[in-house]
Amino acid sequence: METSLRERKKAQTRLLIADIAMGLFAARGSFEGVTVAEVARAADVSVNTVFNYFPSKEDLFFDRQAEVEDMLAAIVRGRRAGEGAVEAVRRHILDGFAADDWSTGLWDGAVDFFRLVEGSPSLRARERELAERTETALARALAAETGASDDDPMPLLVAGLIAGARHAVLSEARRRLLDGEPLDVVKNWAADAYRQAFDLLERGVPAGYGSRR
């Protein structure tokens with residue numbers, strides 16, 4: 001019981017620091033414009049305490065990166081009996097839009113988040129690393145779930161296709177949000193784009209698509 005209480009307090013402190021940091025980043029409109037020392041003062045903790053929870057300033061911004069990194073892999077591991085990997089990801093993402101889930105990558109406040117990322121080279125670099133780790137985690141989960149041999153490229157290929165489709169949809173959705181399109185309009189576009197993406201993954205690109213006339 002005592003350990004459980006201690007862990008809950010640690011989780012609350014971590015969340016408090018992350019929320020305060022994001023509030024400062026948003027208020028300044030800049031990631032580089034806020035120091036870790038300022039975050040510590042606003043959260044009424046020491047700088048060392050901040051770094052105990054977040055090894056780097058980028059970790060402070062992407063405070064849910066571990067969850068994001070494992071998200072696609074977790075969907076595959078938790079899929080329903082008889083449900084394929086692509087089918088499971090399709091269901092999770094489209095259900096997420098219906099429930100307004102943050103894991104879709106589009107939520108209230110997403111435009112401010114994206115604007116901060118776009119304005120910071122270090123955040124863009126971390127975002128690319130996170131995308132690579134997400135794809136790698138998915139490939140490993142697919143290999144484990146299917147019993148694929150080390151020489152079988154299928155888990156890598158399927159992971160690349162799923163992660164690539166997600167990246168393509170979210171990249172265009174981000175551009176539309178930053179160009180001023182309303183969130184609900186962008187979400188409707190993204191949901192339709194995901195449906196088409198998953199249809200392509202499950203059925204294949206139509207023969208002759210993009211052929212030269």
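Guide: Here is a short tour, with each word set against its definition.
Guide: This is a predicted model, so local features need pLDDT of at least 70 and side-chain atom pairs count only at pLDDT 80 or more, while totals for chains, interfaces and linings use all residues. Residues are numbered from 1 along each chain as its sequence is written, and side-chain values use heavy atoms, with hydrogens and water left out.

Visitor: What makes residues 121–146 helix α8?
Guide: Helices are DSSP runs of H or I with at least four residues, numbered from the N terminus. Helix α8 has 26 residues.

Visitor: How do you know what span to expect for α8?
Guide: The expected span is 1.5 Å times one less than the number of residues. For α8 the expected value is 38 Å, and the helix reaches 38 Å from its first C-alpha to its last. Just after α8, glycine 147 takes a positive phi of about 70°.

Visitor: Why is phenylalanine 31 called buried?
Guide: Buried means under 20% relative accessible area, exposed over 50%, and partly exposed in between, with a 1.4 Å probe and protein chains only. Phenylalanine 31 has 2%, so it counts as buried. Phenylalanine 31 sits in the loop between α1 (2–28) and α2 (36–43).

Visitor: What does phenylalanine 31 touch?
Guide: Contact means heavy atoms within 4.5 Å. Not counting residues up to four places away in sequence, phenylalanine 31 touches Phe25, Lys57, Glu58, Phe61, Leu116, Ser120, Ser122 and Leu123. Leu123 is also one of the buried residues of α8.

Visitor: Is arginine 176 buried or exposed?
Guide: Arginine 176 has 19% relative accessibility, so it counts as buried. Arginine 176 is in helix α9. Leaving aside neighbours within four places in sequence, arginine 176 is in contact with Glu181, Val186 and Trp189.

Visitor: What makes aspartate 44 exposed?
Guide: Aspartate 44 has a relative accessible area of 71%, so it is exposed. Aspartate 44 lies in the loop between α2 and α3 (47–53). Its phi is near 60°, a positive value in a residue other than glycine.

Visitor: Why is aspartate 100 called partly exposed?
Guide: Aspartate 100 has a relative accessible area of 40%, so it is partly exposed. Aspartate 100 lies in the loop between α6 and α7. The phi of aspartate 100 is near 60°.

Visitor: Which helices do the buried residues of α8 pack against?
Guide: They pack against α4 (57–61), α5 (65–77), α6 (85–99), α7 (110–118) and α9 (154–178).

Visitor: Why is α5 called roughly parallel to α8?
Guide: Axes are lines fitted to C-alpha atoms, for helices over the stretch in contact, and angles run from 0 to 180 degrees between N-to-C directions. The axes of α5 and α8 come within 8 Å and cross at roughly 25°. That makes α5 roughly parallel to α8. Angles under 35 degrees count as roughly parallel, over 145 as roughly antiparallel, 65 to 115 as roughly perpendicular and the rest as oblique.

Visitor: How many residues of each class are in the contact of α5 with α8?
Guide: Ala, Val, Leu, Ile, Met, Phe, Trp, Tyr, Cys and Pro count as nonpolar, Asp, Glu, Lys and Arg as charged, and the others, Gly among them, as polar. The residues from α5 include Val68 and Leu72, and those from α8 include Leu130 and Ala137. By class, the contact of α5 with α8 has nine nonpolar, two polar and five charged residues.

Visitor: At what angle do α8 and α9 pack?
Guide: The angle is about 145°, with the axes of α8 and α9 8 Å apart. Their contact has 10 nonpolar, one polar and three charged residues.

Notes
Helix = DSSP H or I, 4+ residues; strand = E, 2+ residues; numbered from the N terminus.
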